[in-house]
Every structure is written in C-alpha cells, then in structure tokens.
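Student: Could you take me through one residue and its surroundings in this model? Please keep it short and plain.

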Amino acid sequence: MIVYQQHVSISVAHILKQIRAKILKSHLKSSIKVRNISVSAVVRKKMTDNNEIRQSRFVKEEEISCGKWLSLSQITYTDPTGKERTWEAVSRTTSQTGSDAVCVIAILKRMLKYDCLVLVKQYRPPMKCYTLEFPAGLIDPDETAATCGLRELKEETGYIGTLKHESPVTCLDPGIGGTTCHLITAEIDGDIDSNIHPKNKLEESEFIEVLCIPTDELLNKLNDFTKQGVVVNTMVYSYAIAMEQSKKTKNKSL
C-alpha cells in the first residue's frame with residue numbers, strides 16, 4: 001500500500017513537472033512573439049524613415065535663357081543618396097496653373113463607312129520634317145481642357161465633335177521639360193451637315209493637312225507614312241499599338 005502511494009506521488013509529481021514545463025515553454029514563445037513583433041515594428045519604421053530619405057527632392061529652379069515661347073532653366077535637386085545635382089529643362093512661357101495643352105483623340109463615325117481616326121500632318125521645324133499627330137493646342141487662360149480640345153479640333157480640322165472622355169493631367173517628354181497635357185476623346189458625327197464638308201480655320205503660320213485613317217488598318221497606314229519620311233507622334237503610334245493588341249485579344253476570345 002505504501003509502495004503504491006509512493007508510485008502515485010511520483011507520477012503526479014512527474015505530470016505536474018511536465019505541465020509546468022509546457023506553461024513555461026508557452027510563456028517563452030509568447031515572449032519571443034511579442035519581442036519579434038516589436039523588432040518588426042522597429043525595422044518597418046527604419047525602412048519608412050530610409051524611404052523618406054531616399055526620395056529625390058526639388059531644391060530650386062534658375063532661368064538661363066528665355067525666348068518668346070520657351071525658356072531654358074537649370075533645376076537643382078537632391079538624388080536618393082542626398083547628393084545635390086542639376087538638370088537642364090525647357091518650359092513654356094505660356095505655362096499656367098493646371099495644364100498647358102490638350103491632345104484630341106477624335107473618331108469620325110459615318111453611316112456604312114469604317115470608323116476613322118482624325119489626324120493632322122504638319123511640318124515641325126525642330127524635327128526638320130513632317131509629323132503625324134493628334135489635333136492639339138495650348139489652353140487659353142480661363143479655358144477648360146474640354147472646351148480647348150473641341151475648339152482646337154474645329155480650328156485645325158473643321159470637324160465639330162462631342163466630348164466623350166477627359167484624362168487627368170499627363171506629362172509630355174518629362175526628361176526635357178515640364179509641359180503637361182490633357183487627352184480628350186471626342187466623337188464626330190460625320191453625317192450631319194457641318195461635318196460632311198468640314199472647313200478648318202488656321203492661323204497665318206499654320207499649314208495643316210487633315211487625314212482620316214480607318215481604325216482597323218491604322219498601324220499599317222502609320223508604318224506606310226514612316227516609309228515616306230513622316231515621323232509619327234509617339235502618342236499616335238502608341239494608340240495604334242493598343243488598337244492592334246485589342247483586336248488580337250478580341251479575336252482570341254471568339
């Protein structure tokens with residue numbers, strides 16, 4: 001009987017020892033977990049602080065030269081390491097708060113005819129050749145981007161369009177200058193009287209040829225123009241690529 005009681009006592013003691021060990025181990029894990037959470041929070045904070053330090057920042061801008069339409073300036077900024085650097089940039093003297101210009105993506109729709117993209121061909125002195133572009137222009141003071149886009153479309157092509165979409169402010173060639181632009185999408189009803197025989201209204205210095213290219217063969221037509229020495233605007237060519245990719249995606253889904 002005594003031996004049995006001793007055995008039971010030993011077994012209980014062993015069980016209690018195991019329970020205490022498990023409790024201790026559990027507390028230890030919890031402590032480590034809390035400590036790891038604290039360390040992770042510190043690491044994240046340091047990473048955040050480092051990311052803030054590693055942002056390039058504008059310091060100042062100094063004008064070097066200024067013409068009637070453009071000015072050349074030197075911009076000082078700090079790179080992600082904190083080192084101060086300079087950059088030459090061109091800006092428009094007509095720049096105002098908001099956006100500088102608009103580009104109009106205009107689709108001409110006519111009964112029983114293919115939809116066409118309306119483009120303008122003109123000589124660009126900086127390129128020393130003719131270019132193919134979207135109708136575009138500078139936004140006048142107190143004029144909205146949408147109003148400007150429809151006005152420029154009418155002046156450059158003669159077409160009267162209906163606004164379909166207006167983009168937020170986008171950048172044009174940010175490595176050279178800070179010119180900003182809105183992309184305006186417009187639809188032209190080619191069956192109404194005013195759009196059957198459109199007449200553009202150009203300034204004395206403007207010489208523009210209006211081209212209406214079927215959207216289903218846009219990319220091929222643009223490539224033909226490049227073979228003739230015409231340089232296609234990047235936005236126009238990007239639009240053509242997107243149209244072509246959309247066409248292929250649609251065909252795959254059928």
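Tutor: Start with a side chain: a polar atom of Ser99 lies 3.4 Å from the backbone oxygen of Ala101. The backbone oxygen of Thr180 also lies 3.4 Å from a polar atom of the Ser99 side chain. A polar contact is a pair of N or O atoms within 3.5 Å; within protein, one must be able to donate a hydrogen and the other to accept it, and residues adjacent in sequence count only if both atoms are side-chain atoms.

A word on the source: this is a predicted model, where local features need pLDDT of at least 70, side-chain atom pairs count only at pLDDT 80 or more, and totals for chains, interfaces and linings use all residues. Residues are numbered from 1 along each chain as its sequence is written, and side-chain values use heavy atoms, with hydrogens and water left out.

Now place Ser99. It sits in the loop between strand 3 (84-92) and strand 4 (101-109). Strands are DSSP runs of E, at least two residues, numbered from the N terminus. Ser99 has a relative accessible area of 7%, so it is buried (under 20%, with a 1.4 Å probe and protein chains only).

Which residues does Ser99 touch, not counting residues up to four places away in sequence? They are Ile139, Val169, Thr180, Cys181 and His182. Contact here means heavy atoms within 4.5 Å.

Terms used:
Helix = DSSP H or I, 4+ residues; strand = E, 2+ residues; numbered from the N terminus. Buried < 20%, exposed > 50% of the residue type's maximum accessible area, 1.4 Å probe, protein only.
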